[in-house]
Amino acid sequence: MSRRGLLIILSSPSGAGKSTLAKRLRAWDNTIRFSVSATTREPRLGEVDGQDYHFIDEAAFKRMVADREMLEHAHVFGNFYGSPLGPVQEAIEQGCDVLFDIDWQGAQQIKNSVLGQSVMSVFILPPSIVELRRRLVGRGQDDEAVIAKRMRKSWDEISRWSEYDYVLVNDDLEKTDERLKTIIEATRMARVQQPDLQDHARALQQEFEESQ
Ligand code: ADP
Ligand code: 5GP
């Protein structure tokens, strides 16, 4: 039986662990496609263009928005970010799930889009603010000024937790990873994700009547 692809949205304040969890999900099930966002921010050390992000300039970004090539887009930490629509449509048509690492603004826009009924949104909370800062520092990717900026923004993001379908407190990474996979497996079985159920039920009914 075929199933409709899910749009799995992961959001969290920066440093709570969503990239780590996203990487694990992709290793767990390589049919899950990762939505590679376009951004105007500079690449960080080790980031690969086309893999982590499509690094583009502001003019190109604005052109994509004007041409309706973005499923959603937002301004975050002084830069533009957006999810290109084409690869998402392609994945959904092939029955593949798509994973988004995007903020609450993007999550809202996708939920309100024509693809909204296939959205499964998950918010990752840190166990504490002290731990959130420790993880940002420990990640070693940003200088003090950027970390301070991310920490100042973190409450804006955290305050959106109640807009999500599922909320996980990422204390123990193994447990959070396991819970996330369980949620995905369950949501894949939701009635609306299985368009062939109607036909299957009809076939069962016919078989039942013929057997009487
Ligand atoms: P985000 O993508 O949300 O900004 P990352 O996935 O980059 O966050 O995680 C930030 C840092 O915290 C990374 O160094 C990561 O290895 C670490 N981390 C993630 N989850 C946990 C956890 N449950 N316990 C301890 N460290 C974690
Ligand atoms: P970073 O610069 O740390 O990679 O990402 C900063 C924030 O932007 C994160 O909260 C991340 O989830 C969000 N983000 C990344 N890509 C997109 C996107 O395409 N759309 C939206 N709305 N947010 C994004």
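Student: What should I know about the model first?
Tutor: In this predicted model, local features need pLDDT of at least 70 and side-chain atom pairs count only at pLDDT 80 or more, while totals for chains, interfaces and linings use all residues. Residues are numbered from 1 along each chain as its sequence is written, chains are lettered from A and ligands numbered from 1 in the order in which they are written, and side-chain values use heavy atoms, without hydrogens and water.

Student: How much space lies in the largest pocket?
Tutor: The largest pocket holds about 1,200 Å³. A pocket is an open set of points on a 1 Å grid over the protein atoms alone, where a 1.4 Å probe fits, with protein on both sides within 12 Å along at least five of seven lines. The volume is the space filled by probe spheres set on the points, which are joined across faces, edges and corners.

Student: Which residues lie nearest its centre?
Tutor: K18, S19, Y53, D101 and R139 do, out of 47 lining residues; lining residues have an atom within 4 Å of a point.

Student: Which helix or strand gives the largest share of that lining?
Tutor: α1 does, with 6 residues. Helices (H or I, at least four residues) and strands (E, at least two) are DSSP runs, numbered from the N terminus.

Student: What about the second largest pocket?
Tutor: About 200 Å³ of space lies there. Its lining has 13 residues, with R33, F34, S35, V36 and P87 closest to the centre. α3 (85-93) gives the most to this lining, 4 residues.
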